[in-house]
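Please examine the sequence and the structure shown below.

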Amino acid sequence: MRLIHSSTLLQLQRIPHSDEHFTVDALEGIDTYGAHICEIFMVSHRWLRPRLNSSQSHPDSSDHLKARAINEFTKWRQTWVRTKYEFNIEIFYWIDFCCID
């Protein structure tokens, strides 16, 4: 299974396609930080720009509304865990567009 790290989404400010290779193998990514501080969120969503031609289709709006919402969730979740449990977490996402070729 492939995952995209939250820091990648924060840096890009958009949802990248799987052929851009921004994802990591789930076990390798989790091993990098240690399973005890990693969370994985599977994003179920409606595609905002569906097209019959797959090269023109995209799950997000042209102004990256969905990517911004995911990034805001990341910031909220990291702050919540840090405040409540006093440690930093690493967040990974499984998003079909990023993680499946």
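**Overall dimensions**

With 101 residues, a compact globule would have a radius of gyration near 13 Å, and the 14 Å of this chain agrees with that. The radius is taken over C-alpha atoms, and the globule rule is 2.2 Å times the number of residues to the power 0.38. This is a predicted model, in which local features need pLDDT of at least 70 and side-chain atom pairs count only at pLDDT 80 or more, while totals for chains, interfaces and linings use all residues. Residues are numbered from 1 along each chain as its sequence is written, and side-chain values use heavy atoms, with hydrogens and water left out.

**Elements**

- The chain contains 4 helices and 4 strands, which are DSSP runs (helices: H or I, at least four residues; strands: E, at least two) numbered from the N terminus.
- From the N terminus on, their order is β-α-β-α-β-α-β-α.

**Nonpolar core**

- The largest nonpolar core has 20 residues, and those with the most contacts inside it include Ile 4, Leu 9 and Tyr 93.
- Such a core is a set of buried Ala, Val, Leu, Ile, Met, Phe, Trp, Tyr and Cys residues joined through side-chain atoms within 4.5 Å, where buried means under 20% relative accessible area (1.4 Å probe, protein chains only).
- Strand 4 gives the largest share of this core, 4 residues.
- Of the 101 residues of the chain, 41% count as buried.

**Contacts of Leu 9**

- Leaving aside neighbours within four places in sequence, Leu 9 is in contact (heavy atoms within 4.5 Å) with residues including Ile 4, Ile 70, Tyr 93 and Ile 95.

Technical notes:
Buried means under 20% relative accessible area, exposed over 50%, partly exposed in between (1.4 Å probe, protein chains only).
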